Amino acid sequence: FKGYTTYKVVMRQYCNVVLSDLEGDYNAIDNGTYGPYGVSIVPGSSTYTSATTGTFQLENLWDIGAPTLVTVKLDWADPANFSTSIADQAYLDAYDLWIRGDGGAGSFSSCDQTFTFKYTLYFKSTGDAYAEGQVTIINR
């Protein structure tokens, strides 16, 4: 094959991030085995924090059977790597259960409206993990 050159072109679709378009109901699967169950990006909860970052409130992550809201940060500064992250925050405060991002950033597609979240649920008072290394994927 002397004289032949091969090129590999990878093309990705780019869709602008319009936070209000992402709000509404989704189906969720935890760790590839539990679900589907319903979650919601709470309408009216989305906020732009810069030209390429924002936050929203996610209702019912991990399907614990009690009302829960989790604040999720989105970052789309790198067009090839849209990411999600969850800051350390109360999850089910009455039970000392907190949530924090874990295992690196998650991801999202504004085109497909799919999200991956990586997190751990833990007891704030002791630091002991309740559910470590969780991965939840949501889509329409």
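This is a predicted model: local features need pLDDT of at least 70, side-chain atom pairs count only at pLDDT 80 or more; totals for chains, interfaces and linings use all residues.
1. Asp-30 lies in strand β1, which spans residues 24-30. Asp-30 is buried and forms no salt bridge. The nearest side chain of opposite charge belongs to Lys-118, 14 Å away. A salt bridge requires a separation within 4 Å, so Lys-118 does not qualify as a partner for Asp-30.

2. Which side chains make polar contacts with that of Asp-30? One is Tyr-37, with a polar contact of 2.8 Å between the two side chains. Another is Thr-136, where the side-chain polar contact is 2.5 Å.

3. With neighbours within four places in sequence set aside, Asp-30 is in contact with Tyr-37, Trp-62, Tyr-119, Val-135 and Thr-136. Tyr-37 and Thr-136 from this list are also the polar partners described above.

4. Strand β9 (residues 106-109) pairs with strand β6 (residues 83-85). The sense is antiparallel, and the pairing runs over two bridges. Within this pairing, Thr-84 is placed opposite Gly-106 of β9.

5. β9 also pairs with strand β10 (residues 114-123), again in the antiparallel sense, here over three bridges. Ser-109 faces Thr-114 of β10 across this pairing.

6. How many residues separate the strands in the hairpin of β9 and β10? There are four between them. In this hairpin, Gln-113 adopts a positive phi near 55 degrees.

Technical notes
Residues are numbered from 1 along each chain as its sequence is written. Side-chain values use heavy atoms; hydrogens and water are left out. Two strands pair if DSSP finds at least two bridges between them. Buried means under 20% relative accessible area, exposed over 50%, partly exposed in between (1.4 Å probe, protein chains only). Lys and Arg count as positive and Asp and Glu as negative; His and the chain ends are not counted. A polar contact is a pair of N or O atoms within 3.5 Å; within protein, one must be able to donate a hydrogen and the other to accept it, and residues adjacent in sequence count only if both atoms are side-chain atoms. Contact means heavy atoms within 4.5 Å.
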